[in-house]
Every structure is written in structure tokens, then in C-alpha cells.
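Work through the following exercises with the sequence and the structure in view. Each task is followed by a solution in steps.

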Amino acid sequence: MKKECIAMLLAGGQGSRLYVLTSDVAKPAVPFGGKYRIIDFPLSNCTNAGIDTVGVLTQYKPLELNSYIGSGQPWDLDRLDGGVHILPPYMQEGEKGSWYKGTANAIYQNIGFVDMYDPEYVVILSGDHIYKMDYSKMVEAHKAAGAACTISVMEVPWDEASRFGIMAVDGNDNIVEFQEKPKQPKSNLASMGIYVFTWQKLREYLISDENDPASSNDFGKNIIPNMLNAGEVMFAYRFDGYWKDVGTLESLWDANMDMLSRGDLDLLESSWPIYARLPLKPPAFIGAGALVEHSVVTQGCDVQGTVKNSVLSHSVVIEEGAEVLYSVLMPGVTVKKGASVRYAILGENVQVEAGAKIGESPENYDPDKWGITVLGPGASIAADQVVTPKTMLNRELKEVSR
Amino acid sequence: MNGLHGIIFSLEKLSGLRELTDRRMPGSVPFAGRYRMIDFILSSMVNAGIADVGVVLQGNYQGLLGHLGSGRDWDLSRKHGGLKLLPPFSQKEIRGRIEALAGVRTYLEGIRQSHVVLADSDLIINIPLDDVYQRHLASGADITAVCTGNTDGSPEDATYFKLDKDGRVTQTFTALRNTEGCHRALEIYILSKQLLLDLVDECISLDHYSLRGAVLQAKADTLRIHGYVWDSYAAQIRTVKEYYDRSMELMNYAIRREVFHPQRPIHTKERNDASTYIDPDGNCLNSIIADGCTIEGSVENSILFRGVSVARGAQVKNCILMQDAAVGRDAVLHYVVTDKNVEILESRTLIGSDGYPMVIAKGSKV
């Protein structure tokens, strides 16, 4: 059945800058904010915006992500016509076929999928961002501007503009120039990597880009500049809500702390709900000797110790006398009696035995040597062991450098 | 898939639950922070591999319908079978479970399995029914009746069994004064589909409607009725005080572990709440807190259901606050049970006692 608009969600990247957190899973499957996983944000945004057909392009270690998404039912994307579809790379006749070579190539290889729905517009999303956005408004703006491509942009501080893809615009917010990480930015409107394309136009550019052997087959590096240079109408859609790329350990930790402050990203505010798939767990229990402040707890948690400024995912156990400060604990983490966890990210099912000391607060440490401590999923830290700030350990407890 | 079909009775009964069962059936009463009472027996059935469950409805079953829906949250929304909601077949009064079963006789005939497990919707339990079923088959009994040796605090309308040394039920009592040496029925029965149909037909032809009277008591000699003794957690809640005590008992780790057995999780209708947030001024001790709550005040020894907010300066102690309660600034609540969507305004003070907790009805603004 023809759809006016479908979404294609790029979830194939390795998320290499999350190191041990993505050693077993793709980045969009990484837990966030207690109850969620990163991919819940773009998926829920689609559902709430009325987009009922979403292709999720997976590639790197997709098993957990694929099982998590399943038929799409938690996001109301289990539909008779449309719904969520996992799109991995695939073989063709003559044993031809390749891994996705770039973001544009991933869409190119799935032209057949998009054509099935014959949409007017395609929304290109990435599975790396934490934000609430009504894509239908962006599509409306795209139509009103008569654009071939609409790019969602955010104002960034001028002194940071050189870190982003910058869009210089005219008085109608039409894009006149695109600068990738410019030393002299002509505007402070940064691209958020969220695009709306008129499908027939994008389709042509994808095909000609694929036929260009010199291309990196990337939206930001190739498709967008090509369209701009060919004189296509490109519109900058301004977004001023909370948006964060959680591609690095620091930004992941920051975004979790932002969520705690319930400012622009208030997940408890239910007019634009974020959906998730969760295992069946009883409600959290907070013990008689517990102290929980400025923190988030989720189903299945059992807290008997101290938790401050931290995010606890489901099934986290904090024993009596244990202390967790300014940390992000993913599902199934256990922190035993007298252990302390400070300014750390603990991956799924990490076990911290009694008396161990993970990380430290920056005020108690040499600022040149301080950083967030990260323990990869499944790591088990022995009793009384000390893991110094900025250390990152994998499941085998080997140190991983950044 | 095993040979068992589940039937849950959600019938009107004399209830001391007052406001809690005003406009809802006992099986719909919220319990343990995020469940309805029916979730426990329904989950026990699903966890035992039962794929088909019929819920016999009577009375004000609107809420139960809304809660159960298609059965998807219990994995019972299936192509064949799954959850079937059975509203009353006729306007006639249903005087007992036999009459209720007679009212759904066509459904009973259509049961694909060889055996049926009957249970009440408001028994709070987490029992491995597959084990009860295996023992039933091995024992060769006609009916297996699940019962408990723990007769303290039994409901007034309880059924009691006397078991012989082989576990066979030799006598069935009701309204017993001295329960020593007896077992209390938990009203879970396993029998074959054929026997169920035969008993229903026979009883109806004689205008008998009580499962207890016409079957358990009358046929103790002609039928082999075996007791399956379950001495772990089981709650049949009939009064507000019991509701309160049984809820508070959940603060105890051992009890929680029995009710929320890791291998037999309790399913319930999913809501999309975010994780619960506890403010720097918030204080939370010895409490069960569901998702979606915002705690800026003080909560002690209480159960907060999904979506409850406790504003700054408020003091909530020994309370049970059901879904979406909003407790205003500086309000003080001790020994209070609030039903869904109750709003307690700023600085209000509500004090009940542990012998008589104060119940605030659904939707009230106090």
C-alpha cells in the first residue's frame, strides 16, 4: 500500500567510540535513561508522529538489536501494512552483494524496500541520538518549502561550530552553503543528521552516487553536497528542543545526567511518550537503610545502599553499605556491600564484589588523570579491587585504551 | 503446550473490600505496586505452559475487560485459543461456580485439552501449576484440590478439607470453628474435561449450584479427591485490613521472593512509564516503588503504584498509593490507601491507623 512518508533508520554502525559498551551489541541497543535503549527515541518519535513504516538498517552485531525490536509491537509498529522492518545487507544473484559501504549506500541497497511503499517523502534517521521530535512537522516544513531535501539543524555556540557540519542559509532558511567542520564557520546552524527527502529526487542521486567510484557513499559527504551543487532546493528546519549525539562515552554519560535534571529532556513528561520493550520485573524496592537522591530507579531494582545523581536500569541490585555516585548502571548490575562506584558507566550484568572501588569523584583526584571509568558488559570486579578513574575494562578485565 | 486448560472465575462475592471493589471486581483490585489480583493466577497458568484460559465474568467486569484486553501481555493473544473472556450468558442469577460453568457449557465443550484447572480471580499466588498437574495425573485422582496447612487469617467463607495419610480428601467443611488438623482450600481444582462436563450436567439437572456443596462435600466418597498441599505464599484477601496487611508484608524480602519468583514472573498490562525519579529533597525508605513516579517528598514503608507523584514537603508513611495518585505539597498521609487517580491537596492531613487504614475512593480529590 502506498504511504505518504516512511522512515529509514540507520542503525548499522559499530559505535566504536563507545568501545566496550558496543563490543557485543550495536550502538542503538545500548541502554539509556534507566528504562530505555538509544533506539527507543527515533522509533517512538516515528510512532508519535504518525509514521507507521520504518526500515531499520542493521549491520554490526545486530543480534540483540534485532531481538529487541522483534515485530515492533512495543512501539506500536507491528502493523498489517507497514510496521518496522529490519534490513540487513543481503546477497544478490551471482554471489554479488556487499556490506553497507556508507550511509547513502545503505539506503541505495534498499531502494527496493522503499519502492514497495512508493512514498512521496523519506525521513532518514540515525540510531545514535537522544531527542524527542515530531517528524511530521519537519515533513510539513519540507513540503511548504518545496524542497528536495530538508535538513534538521540546531543552533550551536559559535565557538563550537567548527565541530559540526554547518549550514549557511538565506533569509528563507534555504541552504546556500554546506561546510563540514569549518575553521571559519559562516553560520552556527549545525546539521543534526536528520533528513527529509523527496523520494524521487533522492532515488536519482543515490543511483548516480553509487555509480561514482570515488564517492564514499555518505549522506553528509556526498549526497547533500551533490544536491546542493546541482541547485536543488534545500531547506534548513530549525529544531530547538533537547538533542544529543551519544556516540562517545562522555556524551552518553552527560546525556544520562541531563535526563536526571529533567530540564529539556523530561522523560516523565508523558505527552510524547518514549516506548520500550522490557522484561517482566516486579516494582523497585528501596530498603530501610537506603539513601536515594537525584536518581532514577527502574523495575526490578533492589536498593539497600546509597545512590546519588545516578541512573539505574532494570534489575540493578545495590547492597547495604554500597555507594553509587554520578554513575550510569545498565541492566542487571550488582554492587555489593561496601563497594563504591563513582563517576562510572557499568555495562549490563557487571558484578562489583564487596569493598571494590570503581572510579572516583573529580574533586578527589588529579584533574589531569581523571576521567569516567567504564566497565564493559559482563565484567566481574573482585572484592576490594580498585579500578582507577578513566580506566576502561572489558569482560575479561583487560584494559582497553581509547 | 500441555493438557491443561485454565478457567478463572471472576464472580461477585461478598466483599469487605469496600471502596476498593466499588465499580470493580475483586480480580481487578490493584496489588503490589503494578498488578491486578487476577495477574497472579493468570501468570501461574501461563508460566505452567497453559495456552488457553477462559475468564468467567459476572458483575461489573468493565475494568477487568480493559485490563485483560486481548491477553497479549500474558502471551495469550493467539491464533487458536489463548484468552477468552466469557461474559454472563443469561440474566439469571449465578448462585455458584457450577451455575457459572453451566452458563458457558458450549465453551467447555470446545476445550481442546484433556484437563481443566479451575481457580478464583482474586487468589494471590505464584504456584507451579505444571507440578500440580503432574501430581494429579500420577495420583490417579478424579479431582486435585490445592490447599494449605496455614489456616490463620482464613476468610469467613473458606472451605476446609480433612486429608487422610495418603492426601485424600475425606471430608469437606465450611464455616469451621476449630480448624486444627485441617487444610484450607485455595480453590484451585484440577479435573478432566469430561468429569467437569458430567458434574456440571448432573448438578444442573438437580438444581445444585455449589461446587463445594454438590461436588466436594456430596461426592467425597464417590470421587477420589486429592489434596495438593501448598504452604508457600497464598493470599485470599476479603477485607481492607487484610489487603493492607498482605500488602505491607511484601516489604519482607522472603515474601517478595516467593511472590515474584525469578523463574515464574508475574505478567501484567504494560504502561509506558519512564523510570521513577527521586529528587534531592526526596526521601524513600523501606518502600516498593513502581515506574513513572516522581518523589520530591518523604515516602516510608509504603507502596507506590505507577505514575504516583509526591510533592515537596509531603510525608507518606505506611500508605498504599495506587496508580497516578498525586500527593500535594506538605500533605501528611499515614495509614492511607488511595485508589486510582486520587488527588490529595496541599497541606491536607489524613491519618488512619494500622488496625483501620483510611481508604480513599477512585478519582477523589481530597
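A nonpolar core is a set of buried Ala, Val, Leu, Ile, Met, Phe, Trp, Tyr and Cys residues joined through side-chain atoms within 4.5 Å. The model used here is predicted.

**Exercise 1. The nonpolar cores**

Task: State which residues of the largest nonpolar core touch the most other members, and find which helix gives the largest share of this core.

Solution: 
- Step 1. The largest core has 74 residues, and those touching the most other members are Leu43(A), Tyr135(A), Leu252(A) and Ile345(A).
- Step 2. Helix 8 of chain A, residues 249–260, supplies the largest share of this core with seven residues.
- Step 3. Take Leu252(A) as an example: leaving out residues up to four places away in sequence, Leu252(A) touches Leu18(A), Leu21(A), Val30(A), Phe32(A), Ile38(A), Val246(A), Met330(A) and Ile345(A).
- Step 4. There is also a second, separate core of 51 residues, which includes Val307(A), Ile318(A), Val333(A) and Ala356(A).

**Exercise 2. The sheet of five strands**

Task: Give the strand order of the five-stranded open sheet in chain B and explain why one side of strand 15 and of strand 27 has no neighbour in the sheet.

Solution: 
- Step 1. The order is 15-18-21-24-27, with parallel pairing.
- Step 2. Strand 15 (283–285) and strand 27 (349–351) of chain B are at the edges; each has a single partner strand, so one side of each lacks a neighbour in the sheet.
- Step 3. On average, neighbouring strands of this sheet are turned by 5° against each other, direction ignored.
- Step 4. Within the sheet, three bridges pair strand 18 (residues 298–300) with strand 21 (residues 315–317) of chain B in the parallel sense. Val299(B) is opposite Val316(B) of strand 21.

**Exercise 3. Cysteines**

Solution: 
- Step 1. A disulfide requires sulfur atoms within 2.5 Å.
- Step 2. Cys46(A) is buried, at 0% relative accessible area.
- Step 3. Over all chains, the disulfide count is zero.

Key
Residues numbered from 1 in each chain as written. Chains lettered and ligands numbered in written order. Predicted model: local features only at pLDDT ≥ 70, side-chain atom pairs only at ≥ 80, totals over all residues. Heavy atoms only, no water. Buried < 20%, exposed > 50% of the residue type's maximum accessible area, 1.4 Å probe, protein only. Helix = DSSP H or I, 4+ residues; strand = E, 2+ residues; numbered from the N terminus. Contact = heavy atoms within 4.5 Å. Pairing = 2+ DSSP bridges. Axes fitted to C-alpha atoms, helices over the stretch in contact; angles between N-to-C directions.
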